[in-house]
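Hello,

Here is the structure we talked about handing over. Please open it alongside this message, and my notes follow below.

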Amino acid sequence: MIIRPENPKEFEELYQLIETAFKTAEVASGTEQEFADRLRAGENYIPDLALVAEADGKIIGHVMFTKLRITGGTREHTVLILAPIAVVKEFRGQGVGSTLIREGFVRAKALGYDAVILVGSPLYYGRFGFTELAGFGIRHSEDFPSMYVLGVELRPGALAGINGYVEFPT
């Protein structure tokens, strides 16, 4: 399996991959593919952190990390949001998603980012070190229950003392 940045020529294929993957996901809004397109079109898109997993010349997974600001408190801080992550159904449970996330962490840290936030399952994402964002003193909209709003520090202490508010992109 090869992990590499997505290519603009693949955007339509990735749209289909995300749409198809979320049709069989445990939790889905049905608009994840449009969300990915909106993130790509925005100023917070980081091409080097929009990654695909490829096996035998076929894309089998995708993840995006884009910039997200925490405002208020003692300072403004830029972190990353992990969303969406999608794996082709027949490759789930084989470590594709985990590999994409871990490689994303390595690349994000190399680019100077020190924390990642997401909305997702604490059972799944806990294995990567994600914990409730509220534990860092960071607030978020009430659109999501606190137990699903998670953060992880790529650099120890990165979220300490921020005490701000994060608003997720729509």
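I start with a charged residue. Asp37 is partly exposed, at 31% relative accessible area. Asp37 forms a salt bridge with Arg40, and the closest N and O atoms are 2.9 Å apart. Arg40 is buried, with a relative accessible area of 10%. Both residues belong to helix H2, three residues apart, which means about one helical turn separates them. Please keep in mind that this is a predicted model.

**The helix pair**

Helix H2 covers residues 32–41, and helix H1 covers residues 11–23. Their axes come within 8 Å and cross at roughly 145 degrees. From H1, the contact uses Phe11, Leu14, Tyr15, Ile18, Glu19 and Phe22. From H2, it uses Glu32, Gln33, Glu34, Ala36, Asp37 and Arg40. So what classes of residue make up the contact of H1 with H2? Six are nonpolar, one is polar and five are charged. Note that Asp37 and Arg40, the salt-bridge pair, both sit in this contact.

**Other salt bridges**

The structure holds seven salt bridges. Another one joins Asp114 and Arg155, at 2.9 Å from N to O. This pair links distant parts of the chain, 41 residues apart. Asp114 is in the loop between helix H3 (96–110) and strand S5 (115–119). Arg155 is in the loop between S8 and strand S9 (165–166). Arg155 is partly exposed, at 41%.

There is also a network: salt bridges with shared partners join Arg4, Glu10 and Glu54. Within it, Glu10 pairs with Arg4, and the closest N and O atoms are 2.5 Å apart. Glu10 is buried, with a relative accessible area of 12%. That value is under the 20% cut-off for buried.

**A surface patch and a strand beside it in my notes**

Val119, Phe144, Met147 and Tyr148 make a nonpolar surface patch of about 320 Å². Tyr148 lies in the loop between strand S7 (139–140) and strand S8 (149–153). Tyr148 is partly exposed, at 34% relative accessibility.

Met147 turns up again as a contact of Glu132. Glu132 also touches Ser146, Val149 and Leu150, leaving out residues up to four places away in sequence. Glu132 is in strand S6, residues 131–132. Its relative accessibility is 37%, so Glu132 counts as partly exposed. For a sense of distance, take Glu132 and Tyr15. They are 117 residues apart in sequence, and their C-alpha atoms are 30 Å apart.

**Two more residues to look at**

Thr66 is in strand S3, residues 58–71. Thr66 counts as buried, at 1% relative accessibility. Which residues does Thr66 touch, not counting those up to four places away in sequence? They are Leu39, Asn44, Tyr45, Ile46, Val79, Leu80 and Ile81.

Tyr124 is in helix H4, residues 122–125. Tyr124 is partly exposed, with a relative accessible area of 27%. Neighbours within four places in sequence aside, Tyr124 contacts Gly97, Ser98 and Ile101. Tyr124 and Ser98 are 26 residues apart in sequence, and 9.7 Å apart from C-alpha to C-alpha.

**Backbone points**

Most residues other than glycine have a negative phi, and most peptide bonds are trans.

- The peptide bond from Ala83 to Pro84 is cis, with omega near -15 degrees. Pro84 is in strand S4, residues 77–87.
- Asp56 has a positive phi, near 50 degrees. Asp56 lies in the loop between strand S2 (50–55) and S3. Asp56 is exposed, at 85% relative accessible area.
- Asn163 also has a positive phi, about 50 degrees, and is not a glycine. Asn163 is in the loop between S8 and S9. Asn163 is partly exposed, at 38% relative accessibility.

Best regards

Methods: Residues are numbered from 1 along each chain as its sequence is written. This is a predicted model: local features need pLDDT of at least 70, side-chain atom pairs count only at pLDDT 80 or more; totals for chains, interfaces and linings use all residues. Side-chain values use heavy atoms; hydrogens and water are left out. Patches are made of residues with over 30% relative accessible area and no salt bridge: like charges are joined within 9 Å, nonpolar side chains (Val, Leu, Ile, Met, Phe, Trp, Tyr) within 5 Å. Accessible areas come from the Shrake-Rupley method with a 1.4 Å probe; for residues, only the protein chains shown count as cover. A salt bridge is a side-chain nitrogen of Lys or Arg within 4 Å of a carboxyl oxygen of Asp or Glu. Helices (H or I, at least four residues) and strands (E, at least two) are DSSP runs, numbered from the N terminus. Buried means under 20% relative accessible area, exposed over 50%, partly exposed in between (1.4 Å probe, protein chains only). Axes are lines fitted to C-alpha atoms, for helices over the stretch in contact, and angles run from 0 to 180 degrees between N-to-C directions. Contact means heavy atoms within 4.5 Å. Ala, Val, Leu, Ile, Met, Phe, Trp, Tyr, Cys and Pro count as nonpolar, Asp, Glu, Lys and Arg as charged, and the others, Gly among them, as polar.
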